[in-house]
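User: I have a model open and want to go through it chain by chain. Can you start once it is on screen?

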Amino acid sequence: MEKNNMVTIHVMGKKHEVPADLTIMKAMEYAGHQFRRGAGCRGGYCGACATIYRTHGSYKLQGALACQKIVEDGMYIAQIPFSPAEKKRYDINEVRADDTAFLEHYPEIARCLSCNTCTKACPQDIMVMDYVQAALRGDVEETAKLSFDCINCGLCAIRCPAEIVPYNIGQLARRLYSKYIDGPTEHVLDKVKEVEAGKFDAEIEEMKGLDRETLQERYETREKRL
Amino acid sequence: MSYVYPYEMSTGKSGLYFTFKPENASFKAKIEELSGENIDLCFQCGGCSSGCPLTEEMDLLPSTVMRYAQLGIEEALESTTIWVCSTCFNCEVRCPRGIDIANVMEAMRQMVLRTKYDRVSLDDLTPEELRELPQIAIISNLRKLTA
Amino acid sequence: MKIPYYPGCTLKTKATNFDASTVAAAEALGIELVELPRWNCCGTVHALARDDVMHYLAPIRNLIRVEDMNAEGLVDEKRLVTQCAMCYNTLKRANQAANDDPEKMEKIRGIMEKEQEYSGNVEVVHLLEILRQGGWDRVKEAVEKPLTGIKVAPYYGCLLLRPREFGIDDPDAPKIMEDLLEALGAEVVDFPYKTKCCGAYHAVHLKEVAADLSQRILKQAVEAGADMVATACPLCDFNLGERQTEIKKHFPDFESIPVVYYTQLMALAFGQNEEATAFDVNDPDPRPVLAEKGLV
């Protein structure tokens, strides 16, 4: 990292000089911010670091994950550490895997304008409008599949002009899909049966009796033995 | 909204005379702009009112609402009429002057809705209702009656 | 003939009988309705406020999808068929605005930045229009089980005929549904309220008002001697059909009458199976009356 490859960013209005190849999150920490909220896995998976930014000269307020997005010169940044959306309470055993599930608990999806603002805000490149629309017409499978990459960061919810919280829809759809449509994970259940039947007992007993060096050697050569 | 008389009354020899006050022109202009209709064309034939299926639920008849619009009387926005209208366009079909009164109703609704006013709320619906109502009903209802 | 087909949200969920019977009946007439592979809710009602831009996005996206379908070779024509009367009205009006208002289209284009440009060349049609164009004799030819002895009252509702500019027939004296029903062999029953509003979206919050308007329509149909009412709109079907329990609450003397979609009668007359006629979804059930007449 060259010392003179720095860029200027503004965090909540305050100007900072930071190295050019850092993510927003690292850049903010470089600048002295300490994350108490708004940071989690740091790997683009938990959705905690939802960030709104604007690039220099642009009028657009865009969304990103702070742990993934690299800073740019002139970037103007603010964070959304929490989206206060309501998650409706439901008993998954009593919900039907069709449009009624969504209309009963989140009837506001009827207000969707198909404006695509949610899709534009999504840092995961999900077709958010399409999955909300799929929910509205009761296509649970399509909703579940399209929303698969969603990490509940909340950027879609804070921008939606119809005040819908899309990620709640996706979550409900995925739960319904895995419970009612996809079916049980047979291979896991079969493996559990094998374990309970004692298929691996002898091998485990053997390994318990090994010394540390042999165990280590076995571990390091495991892929070759397979 | 406080009610301000848009006209001055004077008792002349043969009855009451109304003089339209110019400052009430803005309400009328706004309605014309939002609805795209020429309000002045209405000559109060009452055809729209006679064809309207919802008049029993209305406090003002559609033709009265048109008259209020012409005179710039903002009280029209406080009527139940504009909310009970079901946008069936019977009025549009009947109007001999080609006015789409449904557009005027929508313009008035929008003037109120755009002040962050929701006429109805999803909270008033039971889970059973939400499950049984077809999408076409919920969506159109929210479009017409919420901000 | 392969025509792009827009079902609308309700036909996929609460009005599957309309969807199934439409596709089946069209097939019997040599029309393959190809559902748009990607579509969104049209918004139900046309944006009447002149300054509105946002509410055009939904219908115009669907029109762009028709052009996508053409580009992908799934269909080779730019007509879009829809059955839901509200969808028909909204798509048609938005389409006209897209063609007549270039300034608005410019704004819409700006907001829909990731979409193709809409050429304005899609034509929104209703299945009844296609049938009328093809000639009622073609419908007659496809009839295997004429609906003899059944008295059907056609109910148009509002948006299929109004505003005047966008209707599929004369709003004062329509006859397109009558012509169809006659071609199917049914006896048409005329009644004055066949174009009167059923209460529409007031079914949500003003249930009694919608129930009142609906019962007036049904009462007239019964008094005119009808065995059933044929409708072309899922909201009308809901108000006149499913909501009969609500009507009964406020009008104890109300006499029930079955309500069906006109395409269900087409499928029946064409001799198609139960999956096509889909009468099991209708409430009240029309099958007892149909059985009486020897049609099921």
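User: First, how many helices and strands are there in chain A?
Analyst: Chain A has eleven helices and five strands. Helices (H or I, at least four residues) and strands (E, at least two) are DSSP runs, numbered from the N terminus. This is a predicted model, in which local features need pLDDT of at least 70 and side-chain atom pairs count only at pLDDT 80 or more, while totals for chains, interfaces and linings use all residues. Residues are numbered from 1 along each chain as its sequence is written, and chains are lettered from A and ligands numbered from 1 in the order in which they are written.

User: What share of chain A counts as buried?
Analyst: 34% of the 226 residues. A residue is buried if 20 or more other C-beta atoms lie within 10 Å of its own, exposed if 12 or fewer, and partly exposed in between, with C-beta atoms placed from the backbone.

User: In what sense do β1 and β5 of chain A pair?
Analyst: Parallel: strand β1 (residues 6–11) and strand β5 (residues 75–79) of chain A pair over three bridges. Two strands count as paired if DSSP finds at least two bridges between them. V11(A) stands opposite I77(A) in β5(A).

User: Which domains does the assignment give for chain A?
Analyst: Domain 1 (6–79) and domain 2 (83–214); such bounds come from an automatic or database domain assignment. The centres of the two domains of chain A, taken over C-alpha atoms, are separated by 28 Å.

User: How many residues of domain 1 are in contact with domain 2 in chain A?
Analyst: Eight residues of domain 1 are in contact with seven residues of domain 2, contact meaning that two C-beta atoms, placed from the backbone, lie within 7 Å. On the domain 1 side, β4(A) contributes the largest share, three residues. That side of domain 1 of chain A divides into five nonpolar, three polar and no charged residues. Here Ala, Val, Leu, Ile, Met, Phe, Trp, Tyr, Cys and Pro count as nonpolar, Asp, Glu, Lys and Arg as charged, and the others, Gly among them, as polar.

User: Switching to chain C. Which strands sit in the open sheet of four?
Analyst: The order is β6-β5-β7-β8 (chain C), with parallel pairing. β6 (187–188) and β8 (259–261) of chain C are at the edges with a single partner strand each, so one side of each is left without a neighbour in the sheet. Strand β5 (residues 151–155) of chain C runs parallel to β6(C), joined by two bridges. V152(C) has V188(C) in β6(C) as its bridge partner.

User: And what does β3 of chain C pair with?
Analyst: Strand β3 (residues 79–82) of chain C pairs in the parallel sense with strand β1 (residues 2–6) of chain C over two bridges. β3(C) also pairs in the parallel sense with strand β4 (residues 123–126) of chain C, over four bridges. Y5(C) stands opposite V81(C) in β3(C), and L80(C) has V124(C) in β4(C) as its bridge partner.
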